[in-house]
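Morning, everyone. Have a look at the model on the screen. I'll take you through a few contacts.

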Amino acid sequence: MENQLLSNLMHFLKDNNKRAEQRIALTTTRETRFVKTSGIIRCESANNYTTFYLVGGERLLICKPMFFYDELLRNYGFVRCHQSHLVNKESIKSWKREFGDFLLLIDGSEIPISRGKREEIKQLLQS
C-alpha cells in the first residue's frame with residue numbers, strides 16, 4: 001500500500017515538472033497546430049474568437065471563446081487578469097501603475113488588470 005502511494009506521488013511530481021512542456025491543439029480555419037504551453041505569451045478574446053500570441057510574434061486566431069481555454073491553461077501557469085485577457089505568468093515582465101493597473105509582458109504588450117482581479121494577480125505573482 002505504501003509503495004503504491006509513493007509510486008503515485010512520484011508519478012504526480014514527474015507530471016508537474018513536465019507541465020511547461022505540454023502541448024495543446026489549437027485549431028484554426030486552415031490547420032490544427034500543436035503548441036507548447038510555454039510558447040504561449042497570452043490569449044485575447046473577442047466574442048467567440050480567441051487570439052493566441054506566441055513567442056516569436058506569431059498569432060493564431062481560434063474559433064472558440066476564451067472560457068474554453070481558461071480552465072485548461074490555468075493548470076500551466078496562466079492567469080485571467082481581465083475579462084478579455086489570459087496571460088502566461090512566465091511572460092510577465094512588470095506591473096505598471098499608470099492610469100490604472102497593467103501587466104507589461106515580454107513581447108512589449110500592456111494588458112489591463114481588472115479591479116476584481118488585482119488581489120488575485122498580486123498573490124499569484126508573490127508566490
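Start with Ser109. Its side chain makes a polar contact with the side chain of Arg42, at 3.4 Å. A polar contact is a pair of N or O atoms within 3.5 Å; within protein, one must be able to donate a hydrogen and the other to accept it, and residues adjacent in sequence count only if both atoms are side-chain atoms.

Quick note on the source. This is a predicted model, where local features need pLDDT of at least 70, side-chain atom pairs count only at pLDDT 80 or more, and totals for chains, interfaces and linings use all residues. Residues are numbered from 1 along each chain as its sequence is written, and side-chain values use heavy atoms, with hydrogens and water left out.

Where does Ser109 lie? In the loop between strand E9 (101-105) and strand E10 (110-112). Helices (H or I, at least four residues) and strands (E, at least two) are DSSP runs, numbered from the N terminus. Is Ser109 buried or exposed? Buried, at 15% relative accessibility. Buried means under 20% relative accessible area, exposed over 50%, partly exposed in between (1.4 Å probe, protein chains only).

Back to Arg42. Arg42 also lies over the face of Tyr53, at 3.7 Å from the ring centre. The rule: NZ of Lys or CZ of Arg within 6 Å of the ring centre and within 35 degrees of the ring normal.

Now helix H2, residues 67-74. Its buried residues are Tyr69, Asp70 and Leu73. They sit on the same side of H2, because they cover an arc of only 115° around the axis. That arc is taken from the directions from the helix axis to the C-beta atoms. On the other side of H2, Phe67 and Glu71 are exposed. Strand E4 (49-54) is among the elements that cover the buried residues; contact here means heavy atoms within 4.5 Å.

Next, rings. How many aromatic pairs are there? The count is 2. Rings of Phe, Tyr and Trp (its six-membered ring) pair if their centres lie within 6.5 Å; planes under 30 degrees apart are stacked, over 60 edge-to-face, the rest tilted. Phe52 and Tyr69 have centres 4.9 Å apart and planes at 85°, so this pair is edge-to-face. Phe52 is in strand E4 and Tyr69 in helix H2, so the pair ties together parts 17 residues apart in sequence. Phe68 and Tyr69 are edge-to-face too, at 5.1 Å centre to centre and 85° between the planes. Phe68 is partly exposed, at 44% relative accessibility. Tyr69 is buried, at 2%. Ring pairs link Phe52, Phe68 and Tyr69 into a cluster.
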